[in-house]
Amino acid sequence: MLAELGQFGRAIRHLFGAQLALLAAELGLARSAVSWMLLAALAATVAGVGLGLTLLGLVGVVLASWWGSWFWALLGLAVLQLLFLLGAIILFRRCMHWMSLPATRNEWGAMMRETLHRDADEPAAPSGQRDGGTP
């Protein structure tokens, strides 16, 4: 019976060792995925800015041919961009107002207190297991 218990213990240790190895591999993939996601976000931002500039140029050409003057076309584009900027600022201020409402402040404070309480209650992992390696 002791031999079987020892064999069972080795099997459990082997199983958890395999689980730790799998976890380490998944964390490595996640780190790689985060890097690729940041690169993709940068590429999407560059492409979005390029598309926006191209569309503004096309709108400028259409306005210049419609009004017969590049000056008025560029002035119209400037007014259009100013209206878009003001709309974005108003939306930002409205979102900041929503964040400052009493119910939102209470929810935010409760979430932060819960996070701090949970972090304080978690026991520290041994130094060999923190990075996903086996002790």
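Leu86 sits in helix 2, where helices are DSSP runs of H or I with at least four residues, numbered from the N terminus. Leu86 is partly exposed, at a relative accessible area of 42%; buried means under 20%, exposed over 50%, and partly exposed in between, with a 1.4 Å probe and protein chains only. From Leu86 to Arg118 is 32 residues in sequence and 41 Å in space, C-alpha to C-alpha.

This is a predicted model, with local features needing pLDDT of at least 70 and side-chain atom pairs pLDDT 80 or more, while totals for chains, interfaces and linings use all residues. Residues are numbered from 1 along each chain as its sequence is written, and side-chain values use heavy atoms, leaving out hydrogens and water.

Now the packing. Helix 1, residues 2-67, and helix 2, residues 70-99, pack at about 135°, with axes 8 Å apart. Axes are lines fitted to C-alpha atoms, for helices over the stretch in contact, and angles run from 0 to 180 degrees between N-to-C directions. That makes helix 1 oblique to helix 2: under 35 degrees is roughly parallel, over 145 roughly antiparallel, 65 to 115 roughly perpendicular, and the rest oblique.

Which residues meet? On helix 1 they include Leu56, Gly60 and Trp67, and on helix 2 they include Trp70, Gly76 and Gln81; contact means heavy atoms within 4.5 Å. The residues of this contact divide into 10 nonpolar, 3 polar and no charged. Nonpolar is Ala, Val, Leu, Ile, Met, Phe, Trp, Tyr, Cys and Pro; charged is Asp, Glu, Lys and Arg; the others, Gly among them, are polar.

Conventions. Helix = DSSP H or I, 4+ residues; strand = E, 2+ residues; numbered from the N terminus.
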